[in-house]
Structure formats: structure tokens, C-alpha cells
Amino acid sequence: LVVYKKSQLRLALEKRNSRIQRLLKRGDPSTEAMRAAHEAHEATLVEVERALRAAGVGFSKVYRARLRPAMTEHSLLVVSVGGDGTLLDTSHKVAATPALGVNSDPAHSVGFLCAAHRGTFGALLAAILSGRLKPTVVRRLGGSIDGTALPFPVLNDVLVAHKNPAATSRVLLEHRGTVEDQKSSGVWISTGAGSTAAMSAAGGDIVGLADPRAQLRVREPFTADGPRLKLASLWLEDNDEVRVTSKMREGRVYLDGPHELHELPMGARLLLHLKAPPLHLYATEEMALRRETARKNSLPSHL
């Protein structure tokens, strides 16, 4: 099953976004990369289809917004064509089927979760079909809000914050019997896969894709009116769980980015753990090297 995104340019044309179309027409700097990204994406999609046909592999295609779990359950391999965001969206509908990410625009996308690009897809496909390349087991977060299970396993990260990004996030954080009253701009919880994203930007550690732990980091903790926080940064192991109780009238929980959000009003409790089914993701040494380079770049300059 080939799951693909639509480029920003194609979406702007399909939705008849007059503002973006005017900016494109006059060559505004804000849209400078859109045409090149569109062409690169379309060329990658063509190459993926060509390579699959050349290998004698039957396939179907689906736009990522129309993807449903049943489609992936009946597939032997799910190929995501886009970037990390497309792979993330796809992973929400994947249970046990192995997945392969294809970065369709490496010039503008790092692709920490993507093993292939246009020039390498054919070779990686051959390695998968021959059994030379095995998928990596990648941990995902599971949990619930007031007892109702989260809609899908979380591959990258969870953010708990106020609805208004300028407002203070107020929560009770509980881990291994310690309960702490906190004020901050939000709380990040990420897997190893998501450690290169917002977690790294918030000062967390970049770890390997197959790292079995999750990490929590409080974003911009406010301690001027109290003691230093004990639970500002911590690791979740296999049997660990963390509880976040909202002290906000308009709290929110964001799952793997801005599109999947849930209300977390006063007194609502979010439970997170590592018991969700993992994702079986094809990974390469090049992906590990990108993560290691990002880790070194994130270290303080004096180290």
C-alpha cells in the first residue's frame, strides 16, 4: 500500500487558495520553495510506482487523508511517500504491518523517520523483498484521558499545554508515587523516535530509534514562586506510567503534532505508558547517522 501526501502547491491549487496563488504568481519569497518541492514529490511518487512494477509487486495508492486502518491490515508493506509528517499520519493507521518511509524532498526535509528517497527506493525495496533488511521495532506511547483510550499509538510525542500558547500551563504531574504541582508553558513526553523533534528543541536528549524508553520534559518551568521542580525531566521505562492532571479550564493534549488534539479541562487526567503496540519500521545506517549528527549538534558548545 502506497500512502502519499499532496504537496503544498497542489493543495493550494485544489483548494483555490487565492492568497497563495497570488504569492506564487509574483514569486514571493515565502513560496519560493513550493514549486521545487512539488516537482520533487511528484517525481518521487512516479519512481516509487516504477520500482514497484519493475519488482513485480502489486500495489494500490491512497491519499493519506483517506487512509483507514483496514487498508493497512490487508497489506504486506506500507510505503509512505512524503516526509516525517506523512509517515507519522500513516503510522496512526498501522498496527503490525511493516512500514517504510520515503522522503520525497530531501532538499527541504531531514526525514528522520524515512529510510529511502527517490534515488535509493529501488535498492531498499530489493533488500526488503530478499529479506536482507529487517524492520526495526520502534516503541510507541499509549494511554487514556479519564479512562478513554487514546485514538492511536503515538509514535513521536505528546504535548500537554494550555489552549492559548501565551497562557500558563498548570498541571499536577505524578510519577512513581511523587506528585508535583507545576506551572510551565507545557509538558512534552516523547518516544525515542520523537526525540529528534520538539523534545530536542526543548532541551531533551536525542536517542536511538529503537530506544525502549520515553522521556518527559517540562517546557519553560516557572519556579520563581517555589522550589525547583523534582519532575522537570524524567525517563519512562517499560512498566512505568505518568499521570498528568489538568489545573486548566482550557487545557489541551496534542498527539503527534497539531492536528490531533483533545480537551483536557480542569480535573481531567491523562495517563501515558509504553504498553502500546510498537511500529515495525524499516531503518538504515544512514538514518542512525542523521540522528547521531543531530545529537552532536544539539550538545552545548562547551562539550
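The questions that follow set computed values against the definitions they rest on.

Q: What kind of model is this, and how are its residues numbered?
A: This is a predicted model, in which local features need pLDDT of at least 70 and side-chain atom pairs count only at pLDDT 80 or more, while totals for chains, interfaces and linings use all residues. Residues are numbered from 1 along each chain as its sequence is written, and side-chain values use heavy atoms, with hydrogens and water left out.

Q: Why is Ser91 called buried rather than exposed?
A: Buried means under 20% relative accessible area, exposed over 50% and partly exposed in between, with a 1.4 Å probe and protein chains only. Ser91 has 3% relative accessibility, and therefore counts as buried. Ser91 is found in helix α5, where helices (H or I, at least four residues) and strands (E, at least two) are DSSP runs numbered from the N terminus. Leaving aside residues up to four places away in sequence, Ser91 touches Arg140, Leu155 and Leu279, contact meaning heavy atoms within 4.5 Å.

Q: What makes helix α5 largely enclosed by the rest of the structure?
A: Helix α5 covers residues 84-91, and six of its eight residues are buried, so the helix is largely enclosed by the rest of the structure. The buried residues are Asp84, Thr86, Leu87, Leu88, Thr90 and Ser91, and they pack against β1 (2-4), β3 (78-82), β4 (99-103) and β19 (279-281).

Q: Is Asn297 buried or exposed, and how do you know?
A: Asn297 has a relative accessibility of 63%, so it counts as exposed.

Q: Why is Ala268 called buried?
A: The relative accessible area of Ala268 is 2%, and Ala268 is therefore buried. Ala268 lies in the loop between β17 and β18, and touches Asp146, Val244, Thr245 and Ser246 when residues up to four places away in sequence are not counted.

Q: At what angle do helices α3 and α6 pack, and why is α3 called oblique to α6?
A: Helix α3 (residues 34-54) and helix α6 (residues 121-130) pack at an angle of about 40°, with their axes 9 Å apart. That angle makes α3 oblique to α6, because angles under 35 degrees count as roughly parallel, over 145 as roughly antiparallel, 65 to 115 as roughly perpendicular and the rest as oblique. The axes are lines fitted to C-alpha atoms, for helices over the stretch in contact, and angles run from 0 to 180 degrees between N-to-C directions.

Q: Which residues form the contact of α3 with α6?
A: Val48, Ala51 and Leu52 in α3 meet Phe121, Gly122 and Leu125 in α6. The residues of this contact divide into five nonpolar, one polar and no charged, where Ala, Val, Leu, Ile, Met, Phe, Trp, Tyr, Cys and Pro count as nonpolar, Asp, Glu, Lys and Arg as charged, and the others, Gly among them, as polar.

Q: How do you know that β10 pairs with β11, and in which sense?
A: Two strands pair if DSSP finds at least two bridges between them; seven bridges join β10 to strand β11 (residues 178-184), and these strands run antiparallel. Ser169 stands opposite Ser184 in β11. β10 and β11 form a hairpin with two residues between them, and Arg176 in the turn has a positive phi of about 50°.

Q: Which other strand pairs with β10, and over how many bridges?
A: β10 and strand β15 (residues 241-246) pair in the antiparallel sense over five bridges, and the bridge partner of Leu173 in β15 is Val244.

Q: What makes β8 and β11 edge strands?
A: An open sheet of six strands has the order β8-β7-β18-β15-β10-β11, with antiparallel pairing. β8 (148-149) and β11 each have a single partner strand, so one side of each is left without a neighbour in the sheet.
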